Amino acid sequence: MFETERSTDAADVRFTVLGRVTIRRGGATAVSERPRTQAVLAALLFAAGRPLTAAQLVDAVWGADRPADAVASLRSHVRLLRKVVEPDRAPRTASILVSIGDGYELRVPRSAVDAGRAEALAEAAETARKTGDFAHAHSLLGRALELWRGEVLAGVPGPLAAQQRRRLSELRADLLESRLELDLRLGRHDQVVGELAAAGTEFPFREHLRGLWMTALYRCGRRSEALAVYTQTRAMLVDELGIEPGPELAALHRGILEDDLPPAATLLGAAGTVSVAPADVRPAQLPRGIADFTGRETVAHELCAILTDFAASPPVVVLTGMGGVGKTTLATHIARQVRTRFPDGQLYADLRGMDDSPADPAAVLASFLRALAVPDSDIPRTAAERAGLLRGLLTGRRMLLVLDNAGNLDQVTPLLPGEPGCAVLITSRAVLVPLPDATIRHLDVLSDTEARNLLSRIIGAQRTAAEPEAAQSIVDACAHLPLAIRIIGARLAARPHWSVATVAARLADEQRRLAELRCGDLAVDASFTVGYRLLDPAGARAFVMLAAPTVPDLPVAAAAAILGIDDDAATGICDSLVDLGLLQSTAPDRFSYHDLLRLFARAVAPDGDREQILTRLLDFYLATAKNVTRHRNPGHRLDYIPATNHVGRPIVTEAEAHRWLGDERSTVIALHGQIAANHPGLMPTAVNVALLMATGIDASAESGQLAEALRQLLAVAERLGDQDSEARVRLALGLVLALDLGRGEEAVTVLERAGKLLRPNGNTMLLAFVEHVLGAAELSTGNMIDAVAHNGAAAAIFRDLGDAAWEGWACATLADRCGDTAQWDRAVETAQRALRLAAELGGAPFESLALGQLGRVAILRDNDPERAMALCAEAVRVARLHERRLYLGWALYRLGEVALYCGRFTAAEIAAAEAVRILTETTDPIRRDHALHFQARAVAAQGRAAEAAELGADIAESSSLLSRTLPRPDRFAVHSPAPEVEPTRS
């Protein structure tokens with residue numbers, strides 16, 4: 001009977017009727033030896049989930065030849081089927097072959113039966129054909145035909161089997177005829193002429209099929225054979241049926257007889273006539289290459305490799321970038337490099353996606369079809385049909401499509417090939433997402449070297465070599481934009497008597513720069529106008545307003561403040577500007593202008609109220625800086641800073657504060673420079689922003705630039721006679737000079753003038769800050785006595801003002817200075833005062849500084865190494881808790897020092913090494929060198945002299961400064977080594 005295996009899930013059971021009747025579960029196939037059992041199964045399968053009564057089943061299986069015990073026999077066959085379909089079922093628990101009244105129902109999905117799958121594939125193929133997707137329709141029909149594996153219901157008796165055998169055999173003939181017709185539509189006449197001959201013989205009375213056979217023979221150059229097929233067909237129809245061939249076949253015969261078929265094969269069918277491109281048509285539509293193409297080697301090499309990888313689906317590469325960045329030039333260069341890998345041709349279309357009248361995909365499809373030798377009379381009417389025909393024509397070919405200046409996905413999608421072998425290269429100012437499986441590369445401006453090389457290739461190497469500084473000025477004024485460099489290069493090349501310096505001088509004037517960047521039909525501002533014209537009023541307003549600040553980039557929150565909208569709305573507007581190539585996204589939620597785009601935006605609205613825009617921006621930065629200060633120093637009075645209209649960005653964690661200050665450093669530095677140069681009226685607000693950010697921002701490689709920007713603001717304050725602003729900016733500058741740059745003497749000079757301005761009637765809080773920072777400045781000069789005096793004065797003023805936060809900082813710092821001068825009792829008193837203030841505030845970062853100093857006192861005054869190590873380890877723990885990297889570096893630095901005193905050399909090395917890393921990162925030059933010295937001494941004490949010498953070489957240049965404040969070498973390890981106490985790690 002049936003071979004069985006365990007399974008009861010209907011989804012796991014499969015049936016075949018397009019050949020022998022079988023049941024397949026898992027990996028096993030069962031074939032019944034009893035034809036009547038197969039007939040019962042077939043009847044239930046073709047009922048398609050409907051219940052059949054016993055009488056209906058008997059009629060389907062036996063018809064008029066039913067035996068007397070037909071119903072009993074039926075039950076027997078059903079039992080046999082159940083053993084295969086549901087071998088594990090318990091009695092009366094069938095779920096697949098179930099009893100319904102006196103009959104049965106087979107509950108399986110249509111897809112479980114091969115005939116059902118074939119019919120579904122045929123329906124999907126017809127849908128694809130109607131939309132013009134002939135290649136996909138062909139594939140679906142092929143899959144359907146593969147399901148036939150011999151005579152339908154082979155050997156199955158009964159009237160129902162005979163009826164279904166006729167129906168399904170006719171379906172197979174229809175599907176075969178449709179697939180062969182599509183083969184001819186797709187230009188495969190030479191590949192299927194043999195199959196058509198076999199099909200024509202198998203189905204001799206199907207005139208349409210015989211017509212396809214004739215057409216294929218004619219297209220293969222076998223005209224006489226095509227005519228012979230017609231003669232044979234006509235004779236057979238007349239002799240056996242007594243009829244003449246139908247009008248379609250007769251018309252085809254006349255066309256072949258008169259050699260009057262269209263140049264490409266005209267196919268019979270209800271869908272109309274469609275032409276197929278000759279195989280020898282190889283369009284070559286790529287634009288002319290540029291002889292002086294320069295740079296882009298890495299991206300060009302990468303994209304050439306991607307475009308010629310034919311292993312999977314057709315590769316699609318998208319080049320994006322702002323107008324004038326060289327997308328089309330690079331795409332043309334790449335396409336011409338790989339064109340030999342596409343021997344069947346290259347198609348090119350300018351989609352004009354940013355124009356007022358972008359190219360219609362239907363029109364582009366028609367142009368591609370014409371390039372493939374499809375006559376206008378054979379081009380389908382709808383875009384979908386044209387797209388399907390193009391995909392069909394590209395199937396089996398190796399062609400490259402270059403789609404230039406795409407505006408959106410709707411323009412691109414209909415033009416994409418469907419089968420491997422072809423490749424697509426797209427350029428667009430917008431990022432075309434979601435474009436499945438596409439490789440997207442954003443094209444930036446040229447590097448400095450590439451930009452100079454491009455100018456040199458255009459005007460000649462001798463001219464740029466003769467005036468290298470002027471040449472550099474030109475590429476800088478062009479902001480490395482290829483289009484701008486080409487325009488200037490073309491003007492210079494056409495005027496060999498002009499000096500490079502002359503053009504550089506003309507470009508130096510920002511007001512005239514865009515006017516200079518025009519030559520013939522080329523103009524930078526015209527390229528930008530293409531995108532600007534597409535903006536709605538809100539986008540146009542934002543494009544102009546956001547260009548007011550001359551800064552590297554802006555966060556979306558700052559953009560929202562400028563525009564007077566919320567962050568989400570600002571993000572949407574900025575994203576739309578990015579999509580049009582008018583703005584650049586430098587990082588998540590950060591945006592920037594190319595220098596020339598900023599000039600263009602300002603030229604669009606030269607009368608815009610730029611000062612009002614900058615006022616909004618400064619207000620946002622001041623409000624957020626106040627939020628940072630409140631978070632870091634709860635309890636600190638901010639009444640010395642004016643109120644703001646904006647609430648600023650919320651700051652709720654130290655990580656947010658640190659990240660915001662770091663992210664905005666470059667932007668604020670540039671903003672200070674712009675205010676000082678062009679908007680002196682905004683200087684007071686800029687100074688307050690500078691003051692708050694200087695007190696919170698860690699040192700960096702940009703500290704020198706920050707100091708220069710503060711000097712510019714200082715010059716404005718002095719020129720205007722604004723003594724309050726002068727004192728504030730001197731305080732900020734002194735802080736940067738002393739703490740970030742280690743230029744103590746210069747800081748002292750700057751700060752002493754600030755103190756004079758604030759005495760006796762200036763802002764007392766500012767005076768306290770000046771005294772506090774003067775202490776740090778005197779420390780860096782080695783003047784410890786004055787450092788203690790200034791820090792003491794600061795602590796007293798903060799105490800009088802009732803500012804617990806800054807009194808705590810001043811006390812902790814004073815304790816440190818007292819320790820440096822061996823004033824142990826005062827060091828303990830002020831450190832403990834700092835700890836009490838920290839407790840009142842619920843914890844504060846200066847707590848770690850005070851604990852570290854108490855640890856130093858414990859070893860140097862009290863000779864208590866255990867307590868000293870415990871206090872310093874606690875200082876490190878507290879510093880990690882407050883998440884300020886600089887303060888953690890200080891705590892580790894102190895732990896390294898105290899561990900040396902205690903003879904804990906391993907702990908000293910670990911702590912000092914981590915301190916060096918952090919203080920290098922946060923740019924604290926004095927303590928970094930101290931920590932490096934501690935590390936070297938700890939390594940030497942462990943017998944690793946060579947490694948210690950190597951570390952010592954790093955601090956040789958700082959030895960004169962370090963000798964003023966480092967502990968004496970003979971004080972190290974004066975105590976007996978105690979058990980190692982490792983520094984706490986995060």
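I started at the second largest cavity, where α39 gives the most to the lining, with 5 residues. For my own notes, a cavity is a set of points on a 1 Å grid over the protein atoms alone where a 1.4 Å probe fits but cannot get out, and lining residues have an atom within 4 Å of a point. Helices are DSSP runs of H or I with at least four residues, strands are runs of E with at least two, and both are numbered from the N terminus.

This is a predicted model, where local features need pLDDT of at least 70, side-chain atom pairs count only at pLDDT 80 or more, and totals for chains, interfaces and linings use all residues. Residues are numbered from 1 along each chain as its sequence is written, and side-chain values use heavy atoms, with hydrogens and water left out.

**Second largest cavity**

I noted a volume of about 90 Å³, a volume being the space filled by probe spheres set on the points, with grid points joined across faces, edges and corners. Ser848, Leu849, Trp890, Ala891 and Arg894 lie nearest the centre, out of 13 lining residues. I sorted the lining into 7 nonpolar, 3 polar and 3 charged. Here Ala, Val, Leu, Ile, Met, Phe, Trp, Tyr, Cys and Pro count as nonpolar, Asp, Glu, Lys and Arg as charged, and the others, Gly among them, as polar.

**Largest cavity**

I then looked up the largest cavity, which holds about 750 Å³ of space. Its lining has 45 residues, and Leu739, His772, Leu886, Tyr887 and Trp890 lie nearest the centre. Helices supplying at least two lining residues each include α27 (610-632), α31 (723-740) and α39 (885-902). By class I got 23 nonpolar, 12 polar and 10 charged.

**Largest pocket**

A pocket is an open set with protein on both sides within 12 Å along at least five of seven lines. The largest one has about 990 Å³ of space. Gly324, Gly326, Thr328, Thr329 and Leu483 are the closest to its centre, among 40 lining residues. I found that α12 gives the most to this lining, with 7 residues.

**α5 on α6**

I checked helix α5 (residues 134-145) against helix α6 (residues 159-185): they pack at about 145 degrees, axes 9 Å apart. Axes are lines fitted to C-alpha atoms, for helices over the stretch in contact, and angles run from 0 to 180 degrees between N-to-C directions. Contact means heavy atoms within 4.5 Å. On the α5 side I listed, among others, Phe134, His138 and Leu141, and on the α6 side residues including Arg172 and Leu176.
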